[in-house]
Amino acid sequence: MCQNWCYSVEPFGINQPFLPLGKEKFHKSQHWGYCNKIAMLVAEDKPGIGGEPLHGQKLKPKYSVFPRGVGSDAPSWVAFDKQVLSFDAYFDEEVPEKNQELYRIRHCKIYFYLEDDTIQVVEPQVKNSGIPQGTIVRRHRIPLPPPNEDQFYTVDYFNINTEVIFYARRYKIVDCDQFTKFFLRKLGVRLNPPAYHPEDPYTRGRQKIADSMKPLRPYERFDTLRQFLEYDGHVLRFYCMWDDTESTFGDPRELILHYFLADDTIEIKEVIPVNSGRDAVPLFLNRKKLPKYAPAGLYQPGAITDRTVLNVFGGLVGNKGRYILDNRKTGTVHQEFYKDSDLTIGAVINVWGRRVKLCDCDEFTKEYYMTKYGIKDFTPIPFKAPPPSKIEKKFPPYTGFGSEEDSLCSCLSLLPQPPQKDFKKFMEKDRKGLESNLLRFLAKCITDNPIDKDRQFIISYFLSDDTISVFETPQRNTGILGGKFLERSRIKKPGQELFKSEISEYFKAQDLFVGAKVCFHGHNFLLVDADEYAFNYMEKHADEFPMANISLILNKLKAIGEPSSREIKQIFAATDPDHTKIIEYNPFRNLMVNITGGKLSEHEIMTIGRHYSEQNEFEMDINFLLAVAQEQLKKNSVENFGQLSATFVYNDREKCGLLSHEKCRTICKSFRLPLADDLLRALLTMFEDGKEQVDYKKFVNGLNWRENPVPTFQTIKVPIKYEDDWSGQPPSLPVKRIKYLPLIQDVFGTEE
């Protein structure tokens, strides 16, 4: 059996029992009960014996007034985040210590925060009120007035034209904002009409006194803050001209006018030409308001003022005077200043006696006048004098002593300096590893001497400094010793005057190609062949070498043979009777010479042949490259192909399975794959598509020697040939067979 008792919690935590509930007044504190002779804390809403409520006990409803499923299931601090109900209210405050007022009306704002049912009361601050204003009640949950102080205010207690009591102070709610009205109507609350806003009688009386008083000094107020805030930093710019040619030693002066929209002031700067002989002053006119006309004489200090002051008594009352403001502004000097409406292109303004003409303006000024005044014609007025003709420097002719560049440097400066070399070009085109940046051609001597006809020369062109060296290959039983024929140096083109003021022209890399005829110091050479590096370099830099640019060559061939395209196709078909679509190089060369009539050089024909050549049977295929690569990876125990594939996938942002050649090479270098750079480049090229994108999945699968082993090939031992050992003989594997059908399609279109 349980018996309910009520205990009060004392400040020191001692619980003292009262009489049983029902015999004395109900004490609102924690409820204790005995169950099986054990004291237990029970809830406030626990009923008494028989389930009936105790004396003074109010049971809370167990269920919401809204049906299940209505509204959001989110918690209140999420559903009502940053949602506040705002009520306009006031309260009366007695003033017993003053005779001027018996009570005071104080207006305030009541904010109800929906997220946690907290309330805040704020009183707007009034100037010179003498009352501590601001937050009256800090934000917290406010309990109801007695005898319901165990409960708190909720949204159900608020409505227009009602009263609420916060800590014994009665607030009258007179109105609320639109959001609050909408929210209360949504809850089903019937809103009362707005109540009357009473005025504070003492404040009203003070306002009447203040309105009836006239200030002793009725100063005029010039409000320029709005203009400053609106146009601060906005400046109109005009380009002007002041014609000062009438004065002695005068000339036209170029000026720049700045009009500041924030305060209607003007400043003018002068554009001083170079070597004009004038001092560089900061400003032609300091920033100030510019009057429209220059007065006949300067005004005395104090003549121009914003206000006029009158002496009422003069010297009648002792030595003291009494002054008041003259509202009539008697004797005021009125000045008109230039405004933005007076500044237009073509207008002439008076700058303290100087007639300045506005000739042009910037884009911001044009947009400003177009927006404000609707002006659309901003045709500038030419005001700048044409620049003087540049005097061409004339250098004395070359004397023959030293080099031409060295002699020219003595004419450029008082202290002669040595000629500067192109160091950037030297660093870019100097030999780096396997990149020699050296173009070598096989040449023969153009002469009628039968002994010299068979002599062969190797012409080497150094791209780093545009120098040329000639080496003669030794031949047996000729009676001529081979070796160095011409020292490495820059070679002038023939047919130039020796003693002249201009620098002579030298042979460039574009002047050397197969089929070209060159003259080195009176010796004529015909370039008949080049090494593989020269062909590859020129084709790689086709924009610098037109003889190796396949697109330019095809356009040239199309312009030559398009009128007889049908006959050319028949000639190619007759040359290939077996319809193999392949022609040997020599018949192809003779055919191209006959078609073009000798308009294509030998190098251009070789470029076409190299572009449309059939793949050589001795060229290493992909299986051989993969076998070599897998052998290297196996020797170094490289097996992290899964991690390599994951890195490729991570760098593939578009998830298309393709990456650029350089990106794949960088990733492989980061994994430190034991593969030579040329082998890695060749492998990546094998897995490229037409857009130089590498299929990295196939590439990784090809390298995976665990899952996809490639049978090893017997290594073909070929003696290594270095570029410096090239004897000038034709390459061992020249272009032999040409696929002519793609050539016809690229030049003349698809075959009918």
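## Helix packing and buried sites in a predicted model

α12 passes α13 in a right-handed crossing. On the α12 side, the residues in contact are Y585, F588, R589, M592 and V593, and on the α13 side they are E602, I605, M606, I608 and G609. Sorted by class, the contact of α12 with α13 has seven nonpolar, one polar and two charged residues. The coordinates you are looking at come from a predicted model.

Let's step back for the overall picture. The protein chain has 752 residues, of which 32% count as buried. Its secondary structure comes to 19 helices and 28 strands. If we take contacts between residues at least 6 apart in sequence, 54% join residues at least 24 apart.

| Helix pair | Angle between axes | Distance between axes |
|---|---|---|
| α12 (residues 585–596) and α13 (residues 602–611) | about 130 degrees | 11 Å |
| α11 (residues 565–575) and α12 | about 160 degrees | 12 Å |
| α10 (residues 550–561) and α19 (residues 740–748) | about 75 degrees | 9 Å |

How are α12 and α13 oriented to each other? At about 130 degrees, they are oblique. Helix α12 also packs against α11, and at about 160 degrees α11 and α12 are roughly antiparallel to each other. The crossing of α11 and α12 is right-handed. I568, I571, F572 and T575 of α11 make this contact with P587, F588, L591, M592 and I595 of α12. Its residues divide into eight nonpolar, one polar and no charged.

### The buried side of α16

Which residues of helix α16 (residues 661–670) are buried? They are H661, C664, R665, I667 and C668. These residues lie on the same side of α16, because they cover an arc of only 160 degrees around the axis. Just after α16, R672 takes a positive phi of about 55 degrees.

### Two buried residues elsewhere

I160 is found in the loop between β8 (134–140) and β9 (162–166). Is I160 buried or exposed? With a relative accessibility of 1%, I160 counts as buried. Leaving aside residues up to four places away in sequence, I160 touches I173, V174, D175, C176, K181, N192, P193, P194 and A195. I160 and D88 are 72 residues apart in sequence, and their C-alpha atoms are 8.9 Å apart in space.

S469 lies in strand β21 (residues 467–472). The relative accessible area of S469 is 16%, so S469 is buried. Again setting aside residues up to four places away in sequence, S469 touches I458, I459, S460, F462, L486, E487 and R488.

Definitions and conventions
Residues are numbered from 1 along each chain as its sequence is written. This is a predicted model: local features need pLDDT of at least 70, side-chain atom pairs count only at pLDDT 80 or more; totals for chains, interfaces and linings use all residues. Side-chain values use heavy atoms; hydrogens and water are left out. Axes are lines fitted to C-alpha atoms, for helices over the stretch in contact, and angles run from 0 to 180 degrees between N-to-C directions. Helices (H or I, at least four residues) and strands (E, at least two) are DSSP runs, numbered from the N terminus. Angles under 35 degrees count as roughly parallel, over 145 as roughly antiparallel, 65 to 115 as roughly perpendicular and the rest as oblique. A crossing is left-handed if the near helix is turned anticlockwise from the far one by less than a right angle, and right-handed if clockwise. Contact means heavy atoms within 4.5 Å. Ala, Val, Leu, Ile, Met, Phe, Trp, Tyr, Cys and Pro count as nonpolar, Asp, Glu, Lys and Arg as charged, and the others, Gly among them, as polar. Buried means under 20% relative accessible area, exposed over 50%, partly exposed in between (1.4 Å probe, protein chains only). The arc is that of the directions from the helix axis to the C-beta atoms.
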